[in-house]
Amino acid sequence: MRIASLLASATEIVCGLGLGDRLVAISHECDYPSEALDRPRVSRPRFDPYGLDSGAIDAALRESMVQHGSAYELDAERLQELAPDLILTQAVCEVCAVPTSLAQRASELLDHRPKVVSIDAHTIEDILASIAAVAQAAGVPERATELLAQLCDRIARVEAAVAGAPRPRVLALEWLDPPFVPGHWTPEMVALAGGVNLRGEAGKRSRQQGWEVLGGLDPDLLLIMPCGYDMAAARVDADRHGGLLVGVAGRAVDEGRAFLLDGSAYFNRSGPRMVDGIEILAALFHPDRFPGGDLTGRAEVWHPSTGR
């Protein structure tokens, strides 16, 4: 079976299931694992995000949605050449990745009419179910059993380690201009790692909030995890909005409990590395109970004076 992945988390799932040799195409955003990155990329954004700050990206995304109904476009001719039997896409967030509707329209133009499977995860349970669904669609349902067992065992170890510990109050931000608090699976990740998520509801969409609304929360920890940003990009954006971040979480910043996180790798994607994200959070919330080892490149203390 030939698989085209239009979603970064789907690519990670495919490779986690040991199906990387069947992957014939990936999306513009796919960046992990390294062995999959030589595949043709069959999607692209309708604007160039390079050098844009979060406010400019937000404006460009909104304009693309108004003008085109999607922030992305597919290379249907390349898909025709690659002839996938299975196309993996999503319907969770139309501004984050290629939506199911676009993939479905493209598939209808292909001579061989591939099957389109949408990974529509909103919770951790949904993410785990998506892994099983991809394995099923690829004709190898048994391959999901071992991977799911490993992931669930790691989650259980975190829960056991932090059980009964005082739970810090956590403010997580998925975007800074305008500020968004997380929904979907991220509030669950915070809870499993032993924290109390102050804003954002599990299983619901991420939600825009005003800085003035966030100002009275006084969190014990601040998590800066912009959607689609790696650590370097998160640091630049945090420094740009440093005064606002200090305004909503001054105590956490002063105590060295404001953290930059690689949102793209460990928090924004509905794939196996979500479990890495839970472990990272547990190490930040409860380092005495769940030592996380070297978190370099995955989580770093942020100070507005140095950006580190």
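This is a predicted model: local features need pLDDT of at least 70, side-chain atom pairs count only at pLDDT 80 or more; totals for chains, interfaces and linings use all residues.
Local features need pLDDT of at least 70, side-chain atom pairs count only at pLDDT 80 or more, and totals for chains, interfaces and linings use all residues. Residues are numbered from 1 along each chain as its sequence is written, and side-chain values use heavy atoms, with hydrogens and water left out.

Ile13 lies in helix α1 (helices are DSSP runs of H or I, at least four residues, numbered from the N terminus). Because its relative accessibility is 0%, Ile13 counts as buried (under 20% relative accessible area, 1.4 Å probe, protein chains only). Beyond its neighbours within four places in sequence, Ile13 is in contact (heavy atoms within 4.5 Å) with residues including Ile131, Val134 and Ser270. Ile13 and Ser270 stand 257 residues apart in sequence, yet their C-alpha atoms are 9.0 Å apart in space.

In soluble globular proteins, nonpolar side chains tend to be buried together.

The lining of the second largest pocket divides into 6 nonpolar, 2 polar and 5 charged residues. Its 13 lining residues include Glu12 and Arg273, which are among those nearest the centre. Helix α6 (143-162) gives the most to this lining, with 4 residues. A pocket here is an open set of points on a 1 Å grid over the protein atoms alone, where a 1.4 Å probe fits, with protein on both sides within 12 Å along at least five of seven lines; lining residues have an atom within 4 Å of a point. For the lining, Ala, Val, Leu, Ile, Met, Phe, Trp, Tyr, Cys and Pro count as nonpolar, Asp, Glu, Lys and Arg as charged, and the others, Gly among them, as polar.

Technical notes: Helices (H or I, at least four residues) and strands (E, at least two) are DSSP runs, numbered from the N terminus. Buried means under 20% relative accessible area, exposed over 50%, partly exposed in between (1.4 Å probe, protein chains only).
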